[in-house]
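Good morning, and thank you for coming. Please look at the sequence and the structure now shown, and keep them in view while I speak.

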Amino acid sequence: MLDLSHYDSLGAALGDALDRFADHICLIEADRDRENHRLTYRQFRERAMPVARALENLPFGAGNRAAILMSNQSKWLIAAYAILYRGGVIVPLDYKLSAREHAELLAHSKAEVLFIEYPLWRMLRNEPGFAALALRAVFVTEAPEGAEIGSARRWEECPEGPAPTFVPRKRQDWAGIVYSSGTGGRPKGCILTHENYLEQCRSLTTWYPFWPGVRYLSILPTNHAIDFMVGFIGPFVCGAAVVHLRTLRPEFIRDAFPRYRITYASVVPLVLKNVERSLRARFDQLPPMRRRVLDGLIALNRGLTRRQPHPRISRLLLPQVHQAFGGQLLTLIVGGAFTEPATLQFFYDLGLPVANGYGLTEACTAITVNDLRPFRADTVGKPLPGVEIRITDAGPDGVGEVQARAKSIMAGYLDDPGLTAETIVDGWLHTGDLGWLDEQGHLHLVGREKNMIVTEGGKNVYPEDVEHAFEGVPAKEFCIFAANYLWPARSLGGRESLILVVRPDGEAGADGLPALVAERNRRLADFKRVSGLLVWESDFPRTASLKIKRPELARQIAERVERSAVIDL
Amino acid sequence: MPTRNLDEITTEILDLAAKKFSVPRAELKPEDDFFKKLRIDSLQALDLLTGLERHFSIELPDYELQGVTDFRTLAERIQARVG
């Protein structure tokens with residue numbers, strides 16, 4: 001691994017990695033069961049230089065912003081390196097959002113250049129908001145021959161020629177603007193510096209090292225802070241390889257583990273639970289005798305790995321389980337949302353540790369991670385090296401707001417000094433999450449102070465961003481809350497949900513509302529849908545400027561009605 | 001393969017979805033939201049896509065499901081590839 005303390009920028013560190021590990025494989029890209037290509041670090045550089053040259057010719061340099069809108073693939077990382085090489089700022093966007101949301105975030109980020117996949121480009125350029133964007137250049141990848149791409153350029157036509165000039169950056173310069181959420185009301189673009197990334201990478205790889213020969217399966221979207229870190233920066237500065245699949249179909253993901261002998265993979269809790277279900281179903285089909293033997297071996301493995309994982313012993317005891325994952329899997333990294341302890345324990349007992357943790361885009365990736373020494377299924381782990389955690393305003397049960405201080409904490413929110421000042425106070429990141437620290441220094445999360453949910457698929461949903469879909473419903477006023485914000489469960493888990501609170505219109509009444517709300521729900525992405533309706537007959541408390549006082553309304557609701565009053569949709 | 005019209009494709013999707021997720025066929029309509037009606041998550045929706053690929057002998061990239069929530073629109077995406 002490179003010693004990252006010697007570097008001022010991601011571009012410089014990655015550039016040295018491309019030299020040092022020139023003949024090692026860095027990328028394998030597959031589409032279903034077909035392999036598109038595999039690239040060495042040298043070939044990666046050869047593919048990135050024409051892109052960097054095209055940027056240089058624009059011109060594009062220090063501090064210029066370029067967005068990437070692609071599903072996980074080699075070109076994502078090649079584009080990112082080309083941007084960093086030219087001293088630019090990466091704006092990674094979630095390819096799963098709608099074209100309207102893409103246009104909104106592109107406008108907010110003030111990106112001047114866009115790298116985009118052809119199918120997404122087709123949708124974006126038909127979006128009404130697209131014409132107003134200040135994009136100087138769009139590079140479209142894999143456009144079919146003869147396809148109309150308007151004023152965009154084809155990625156494949158980036159020019160050959162002499163090496164472009166590398167643009168050095170300092171540690172405090174911006175490296176990325178990463179959207180933690182928010183496409184409706186208030187987009188939150190986290191400004192992450194070169195220092196944020198370099199320090200986060202240093203501390204994460206202390207506990208979860210990469211080395212040449214390691215293969216990381218990249219399934220989480222690369223725009224997500226976790227995959228950007230452990231599916232790009234981490235493996236690259238250590239000479240490891242990243243495997244991309246151009247599909248998220250469970251059957252192809254399953255096949256990829258043995259085919260590419262995967263070492264690490266990051267997954268969301270939804271995927272983890274899916275794998276657990278299928279493994280349990282297979283175990284249940286075993287004849288009684290074999291099932292008893294399996295249960296005995298699992299119990300033996302649990303005993304032998306009580307203090308720390310022993311991959312070799314686990315592979316020996318449970319060879320068939322491990323072979324199904326390729327026989328080399330060291331750890332599954334789970335991120336983005338809460339994972340049930342029973343699921344974590346299930347995998348650990350099979351000798352497949354799950355590194356669960358807790359993080360925010362605002363903190364670059366992770367604040368705490370399970371260090372597996374010993375494995376704990378009931379917590380979200382310990383603070384990473386270099387991260388300080390404190391609990392403020394703790395009640396008698398020790399629960400209070402989790403705050404963090406580290407070199408990986410973002411510089412602030414893009415163009416939102418007010419929100420930045422509220423969120424980072426004297427260097428401490430106010431997470432808005434509630435938790436407590438135990439005697440071993442492990443963090444336990446118990447709920448959120450923020451009106452927000454994190455879905456099982458790892459997406460942050462702010463109710464305020466969903467409200468526009470319900471405008472015009474026959475009601476005097478309405479607003480959306482996360483159920484866990486109204487009635488804190490004091491434990492995380494289960495499905496988090498959104499509740500629509502409506503003060504009905506006197507004439508229209510509330511009878512037709514469930515059907516109407518269900519119809520409006522269909523306009524939203526599945527993870528943003530409202531699952532309950534609460535009829536509320538009092539005026540909403542409002543500020544002088546007529547904004548709803550959400551915390552006040554939430555308090556009134558929690559005091560006066562039970563969760564059982566919510567009508568399920 | 002004989003050319004199918006949109007209604008035929010929609011009917012075949014509804015038949016297949018009903019069978020795959022054990023939902024009474026009579027309860028499914030073309031304009032229904034399949035996430036809600038079949039009670040499936042995004043991963044199961046990808047699984048449905050695989051079933052449809054096999055049925056129609058086509059390849060449907062994941063992005064064809066993007067922004068699609070009802071059977072009818074899904075049928076349109078498939079029709080464009082069935083040709």
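Predicted model: local features only at pLDDT ≥ 70, side-chain atom pairs only at ≥ 80, totals over all residues.

The loop between α2 (41–57) and β3 of chain A holds A:P59. The bond that joins A:L58 and A:P59 is a cis peptide bond, with omega at about 5°. A cis bond is also found from A:R373 to A:P374, where omega is near -5°. For A:P374 the place is the loop between β15 (366–369) and β16 (382–383) of chain A.

Let us move on to β3 itself. Strand β3 of chain A contains A:R65. Is A:R65 buried or exposed? Because A:R65 has 21 C-beta neighbours inside 10 Å, it counts as buried; the cut-off for a buried residue is 20 or more. Which residues does A:R65 touch, once those up to four places away in sequence are left aside? They are A:G88, A:V89, A:V91, A:S109, A:K110, A:A111, A:E112 and A:I177. As for A:E127, it lies 62 residues from A:R65 in sequence, and the two C-alpha atoms are 21 Å apart in space.

In chain A, helix α5 covers residues 118–125, and A:L120, A:W121 and A:L124 are buried in it. Why can we say that these buried residues line one face of the helix? Seen down the axis of α5(A), they fall within an arc of 100°, and therefore they line one face. What do the buried residues of α5(A) pack against? Their partners in chain A are β3 (65–69), α4 (99–109), β5 (113–117) and β6 (137–141).

Now please step back to chain A as a whole. Chain A has 18 helices and 28 strands. Its C-alpha trace spans about 70 × 65 × 50 Å along the principal axes. For 569 residues, a compact globule would have a radius of gyration near 25 Å, and the 24 Å of chain A agrees with that. How much of chain A counts as buried? The share is 49% of the 569 residues. If we take the contacts in chain A between residues at least 6 apart in sequence, 68% of them join residues at least 24 apart.

One further residue of chain A deserves a word, and that is A:D393. Its place is the loop between β17 (388–392) and β18 (400–405) of chain A. Phi of A:D393 is near 50°, which is a positive value in a residue other than glycine. A:D393 counts as exposed because it has 10 C-beta neighbours inside 10 Å, and the cut-off for an exposed residue is 12 or fewer.

Next, the contact between the chains. Chain A gives 14 residues to this contact and chain B gives 13 residues. On the side of chain A that touches chain B, the elements that give two or more residues are α8 (250–260) and α9 (269–284) of chain A. Of these, α9(A) gives the most, with three residues. Sorted by class, that side of chain A has five nonpolar, four polar and five charged residues.

This takes us to chain B. Chain B contains four helices and zero strands, and from the N terminus on its elements run α-α-α-α. The radius of gyration of chain B is 12 Å, close to the 12 Å from the globule rule for 83 residues, so chain B is as compact as a globular protein of that length. Its C-alpha trace spans about 30 × 25 × 20 Å along the principal axes. Buried residues make up 20% of chain B.

In chain B, helix α1 (residues 6–20) and helix α4 (residues 71–82) pack at an angle of about 115°, and their axes are 9 Å apart. The crossing of α1(B) and α4(B) is right-handed. On the α1(B) side, the residues that meet α4(B) include B:I9 and B:I13; on the α4(B) side, B:L74 and B:I78 are among them. By class, this contact has nine nonpolar, two polar and two charged residues.

Finally, B:S22 lies in the loop between α1 and α2 (34–37) of chain B. Its phi is near 50°, a positive value in a residue other than glycine. B:S22 is exposed, since 7 other C-beta atoms lie within 10 Å.

Note on methods: Residues numbered from 1 in each chain as written. Chains lettered and ligands numbered in written order. Rg over C-alpha atoms; globule rule 2.2 N^0.38 Å. Contact = placed C-beta atoms within 7 Å. Nonpolar A, V, L, I, M, F, W, Y, C, P; charged D, E, K, R; others polar. Arc of directions from axis to C-beta. Axes fitted to C-alpha atoms, helices over the stretch in contact; angles between N-to-C directions. Left-handed = near helix turned anticlockwise from the far one by under 90°.
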